[in-house]
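Open the model in your viewer and keep the selection panel handy. Here is a short tour, stop by stop.

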Amino acid sequence: MCFSCCKNYRNMADAIRFLSADAIEKSKSGHPGMPLGMADVAAVLFSRFIKLNPEDAGWFNRDRFVLSAGHGSMLLYSVLYLLGYPDISVDDIKNFRQLGAKTAGHPEYGHLAGIDMTTGPLGQGISSAVGMALAERALNARFGNELCNHYTYVICGDGCLMEGISEEAASLAGHLRLNKLIVFWDNNDITIDGHVSAANSTDQLARFKACGWNTLSIDGHNHRQIEKAIKKAQKSKKPTLIACKTIIGFGAPTKSGTSKVHGAPLGAEEVAAMRQNLHWTAAPFEVPADILSKWRQSPQRVKPEYEAWKKAARTAGKEFNDILNGKLPKNWDKELNKLKNKAIAEQTKVATRKASEMCLEQIVPHIPQIIGGSADLAASNLTFVKGMKTITKDDYNGNNMMYGIREHAMAAVMNGMALHGGVIPYGGTFFVFFRLYAPGHASGCADETAGNLCPDPRFDRRR
Ligand SMILES: Cc1ncc(C[n+]2csc(CCOP(=O)(O)OP(=O)(O)O)c2C)c(N)n1
């Protein structure tokens, strides 16, 4: 890689930095530390590697991106604007954190095209991303590389890794060898209350390694190292954690490297000093034309793959196209309705978990999108119905998930699968073992005692 590439990356990263700092300054609210610190990683990832098409934000075979550290939302809003997503304008950037704004302050799924998941509750993003990566592998096994073959990228912070749910999800991802999952850890040693070491001394790389991950460690401001790490991760047979050593609030002369930049505007004086420090002469919300053009041109590299996928999807069979369009097979509920009518006529009295099983028996064989499962209670919650095939690291072409005793990850993974699309997840456990928490999608429906869950809104009785 040449010096000019690095210079381009640096300029592109600085565009993220100043859009973020200026928007947060204008709204007098927000979290500048993370966008400033991870801007270099984002510039390399989004301009050179990520597969997306701003003109077709929901493209099924796009790479998924989860900003698990959702408080750093200005990083994602800046990137979407710079890439030229039609759904976001510079006025939306200026409107950051105002009532009704698309740039709400944490990424919100369905609110702004290009956002793959609502995030904010730390740990949920990285854990749901495991579900996205699992859905991708399951659909890949069913439909092949031409139709479903993409990465799931995550940016997470120290907070996401401290949350317990990340442990369950990481160990499941490692166990299933979800090698198309690539996580960038913003390893900046800082959280809200100060230095990470005040509350945590886990060796995260050793921990992820123990869970069966590929682990890499880089300088998160070195573009060459970022590129190399992504290339390595893409070739790995395991999920990858890239520890990116960064300086929180990079560029802010007196506040960078401290918790002061985590969640408060930098202040006019500091932003002005940052302009001097980084030699950025453009006015607030202006991106120099040559830098904006580099950003806007970058998605062009994906065009041939996008066109090839469109062609493949057109000629793919009905099953794939139904899945693509979220259509259930005709008469999927015929047997279920018979069962319901019989139960009404006979006033059938069975335990709710048994009733759940009786319904699943009439639903699962008729809906190929379904992936069901349990957290080591299939025999008790009756989630496994005859004919189901268990997903394993050697064969993803199944419809039963053995989540292990990981109820929290199960909920997040189901959330990720539903968000990915093409998959309709359900899961079962007992309520007392479980804290229903599925941000970013449906709130789920639950059987009163068995706690059988389905985060797909089409099955939510309360809607
Ligand atoms: C589950 C959950 N608990 C607490 C918070 C509040 N919170 C937001 S950011 C943050 C600190 C995160 O630190 P880190 O991930 O290192 O982010 P950085 O300081 O690098 O931006 C906390 C505690 C939250 N968003 N979610």
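At what angle do helix 2 and helix 9 pack, and how far apart are their axes? Select helix 2, residues 33–49, and then helix 9, residues 223–235. This is a predicted model. The two helices pack at an angle of about 55 degrees, and their axes are 10 Å apart.

Helix 2 brings Asp-40, Val-41, Val-44, Leu-45, Arg-48 and Phe-49. Helix 9 brings His-223, Ile-226, Glu-227, Ile-230, Lys-231 and Gln-234. Colour them by type: six are nonpolar, two polar and four charged.

**The cores**

Next, select Phe-46, Tyr-153, Phe-184 and Trp-295. These have the most contacts inside the largest nonpolar core, which has 71 residues. Helix 2 gives the most to this core, with eleven residues.

Go back to Tyr-153. Which residues does it touch, leaving aside neighbours within four places in sequence? Its contacts include Leu-45, Phe-49 and Ile-50. Asp-63, Arg-64, Phe-65 and Val-66 are in contact with Tyr-153 too, as are Ile-182 and Phe-184. Ile-230 and Gln-234 complete the list. Leu-45, Phe-49, Ile-230 and Gln-234 also belong to the contact of helix 2 with helix 9.

**Two backbone stops**

Most residues other than glycine have a negative phi. Select Arg-97, where phi is positive, near 65 degrees. Arg-97 lies in the loop between helix 4 (90–94) and helix 5 (124–143). Is Arg-97 exposed, or partly exposed? Its relative accessibility is 26%, so Arg-97 counts as partly exposed.

Move on to Gln-347. This residue is not a glycine, yet its phi is positive, about 50 degrees. Look for Gln-347 in the loop between helix 14 (334–346) and helix 15 (352–363). Gln-347 counts as exposed because its relative accessibility is 54%.

**Last stop**

Select Ala-409 in helix 17, residues 407–420. Is Ala-409 buried or exposed? It is buried, with a relative accessible area of 0%. Beyond its neighbours within four places in sequence, Ala-409 is in contact with Ile-165, Glu-168 and Ala-169. Finally, draw a C-alpha to C-alpha distance from Ala-409 to Phe-60: the two are 24 Å apart in space and 349 residues apart in sequence.

Notes. Residues are numbered from 1 along each chain as its sequence is written. This is a predicted model: local features need pLDDT of at least 70, side-chain atom pairs count only at pLDDT 80 or more; totals for chains, interfaces and linings use all residues. Side-chain values use heavy atoms; hydrogens and water are left out. A nonpolar core is a set of buried Ala, Val, Leu, Ile, Met, Phe, Trp, Tyr and Cys residues joined through side-chain atoms within 4.5 Å. Buried means under 20% relative accessible area, exposed over 50%, partly exposed in between (1.4 Å probe, protein chains only). Helices (H or I, at least four residues) and strands (E, at least two) are DSSP runs, numbered from the N terminus. Contact means heavy atoms within 4.5 Å. Axes are lines fitted to C-alpha atoms, for helices over the stretch in contact, and angles run from 0 to 180 degrees between N-to-C directions. Ala, Val, Leu, Ile, Met, Phe, Trp, Tyr, Cys and Pro count as nonpolar, Asp, Glu, Lys and Arg as charged, and the others, Gly among them, as polar.
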